[in-house]
Amino acid sequence: MQQPDRYLMAGVMGYPIMHSRSPVLHNYWLREHGLNGVYVPLAVKPEGLAAALRALPALGFSGCNLTMPLKELALSIVDRVSPIARQIGAMNCVIVAPDGSLEGHNFEAFGYAESLAQDVPGWTADAGPVIVIGAGGGARAVIAGLADRGATDIRICNRSAARAEQLAAEFGVKVLPWDRRHDAIGDAALLVNTTNQGMGKEQALDLDLAKLPPSAVVSDLIYVPRETPLLAAARARGNRTVNGLGMLLNQARPAFKNWFGVMPEITPGLRAAIEATL
């Protein structure tokens, strides 16, 4: 529990960094819970990461988030790494322990699974086959989060077969050929796009949903725009859809709790505050 006279501090490190929504998110919760503190953006280049992280205890920080391009590099700097962060191969949160040592965590897997549980009433990870499009860091977090919630049939489909095979070997999941992706979704209970296709000026994901079951949930890690072409197409045919905003919000909750001693909730007011920045 926080000491009454302690000024609470945390932040997010990355380069560039001013695009991050984390300061809006965490400062909203600090105000909501009446905590005396601040969450700040910290522009840190890869070559300065070790010094920046080691300075956190002396500066009075409870910890920090990490964003691109620092998530993988930090694994070799902190003192301890959680099993799921090690499995994913990246970390997005650092916690300063009472003795000043640094703990590395990845709460994105938790954030993704929680977003589905909150946004799709009745959803369960073991409802049927999961098709994951992409094989990057987002895919790793999604697979870890779903496996932790009980998913047993996860299939990866990626343009680069080599990356998909590597991921399959690490996580024990199946690989689907990219050229068969339109047919491969025919029995999916959950379809997840973890690529950047559909974000901003990027081309839409090239995936025909004609064979997707009407009962399937369609999820996209992208939240700018809030509805990608994939989600729009899925919604038009009656599938339930989930964008990436819930993952962003939920991955922040355990970090806030570890830093400041309070597990925050996602309220309509918080969503509105974040959506106003998009």
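Student: Is helix 1 largely enclosed by the rest of the structure, or left open, and why?
Tutor: This is a predicted model, and in it helix 1 is largely enclosed by the rest of the structure, because 8 of its 11 residues are buried.

Student: Which residues of helix 1 are buried?
Tutor: They are Ser22, Pro23, Leu25, His26, Asn27, Tyr28, Trp29 and Leu30.

Student: And what covers the buried residues of helix 1?
Tutor: The cover includes strand 1, strand 2 (37-43) and strand 3. Helix 9 and helix 10 (268-275) are also part of that cover.

Student: Let's take histidine 26. Buried or exposed?
Tutor: Histidine 26 counts as buried because its relative accessibility is 0%. You'll find this residue in helix 1, which runs over residues 22-32.

Student: What does histidine 26 touch?
Tutor: Leaving out residues up to four places away in sequence, histidine 26 touches Tyr39, Asn65, Ala252, Phe256 and Trp259. With asparagine 65 there is also a polar contact, side chain to side chain, at 3.5 Å.

Student: What happens to the backbone just after helix 1?
Tutor: Glycine 34 sits there with a positive phi of about 65°. As background, most residues other than glycine have a negative phi.

Student: Where are proline 16 and proline 69 found?
Tutor: Proline 16 is in the loop between strand 1 (8-14) and helix 1. Proline 69 is in the loop between strand 3 and strand 4 (80-81).

Student: On to pockets. How much space lies in the largest pocket?
Tutor: About 1300 Å³. Its lining has 42 residues, and Thr67, Met68, Lys71, Glu108 and Gly138 lie nearest the centre.

Student: What about the inside of the protein: how many residues are in the largest nonpolar core?
Tutor: That core has 31 residues. Those with the most contacts inside it are Tyr112, Leu116, Ile143, Leu146, Ile154 and Leu190. Helix 5 gives the most to this core, with 6 residues.

Student: What does isoleucine 143 touch?
Tutor: Apart from residues up to four places away in sequence, isoleucine 143 touches Val132, Ile154, Ile156, Leu167, Phe171 and Val173. A second, separate core of 24 residues includes Tyr28, Leu248, Leu270 and Ile274.

Student: Leucine 248, then. Where is it, and is it buried or exposed?
Tutor: Leucine 248 is in helix 9. With a relative accessible area of 15%, leucine 248 is buried, because the cut-off for buried is under 20%.

Student: Which residues is leucine 248 in contact with?
Tutor: Setting aside neighbours within four places in sequence, leucine 248 is in contact with Arg21, Leu25, Tyr223 and Ile274. Leu25 is one of the buried residues of helix 1, and Ile274 belongs to that second core along with leucine 248.

Technical notes
Residues numbered from 1 in each chain as written. Predicted model: local features only at pLDDT ≥ 70, side-chain atom pairs only at ≥ 80, totals over all residues. Heavy atoms only, no water. 1 Å grid on protein atoms, 1.4 Å probe; cavity = no way out; pocket = protein on both sides within 12 Å on 5 of 7 lines; lining within 4 Å. Points joined across faces, edges and corners; volume = space filled by probe spheres on them. Helix = DSSP H or I, 4+ residues; strand = E, 2+ residues; numbered from the N terminus. Buried < 20%, exposed > 50% of the residue type's maximum accessible area, 1.4 Å probe, protein only. Polar contact = N/O pair within 3.5 Å; in protein donor to acceptor, adjacent residues only side chain to side chain. Contact = heavy atoms within 4.5 Å. Core = buried A, V, L, I, M, F, W, Y, C linked by side-chain atoms within 4.5 Å.
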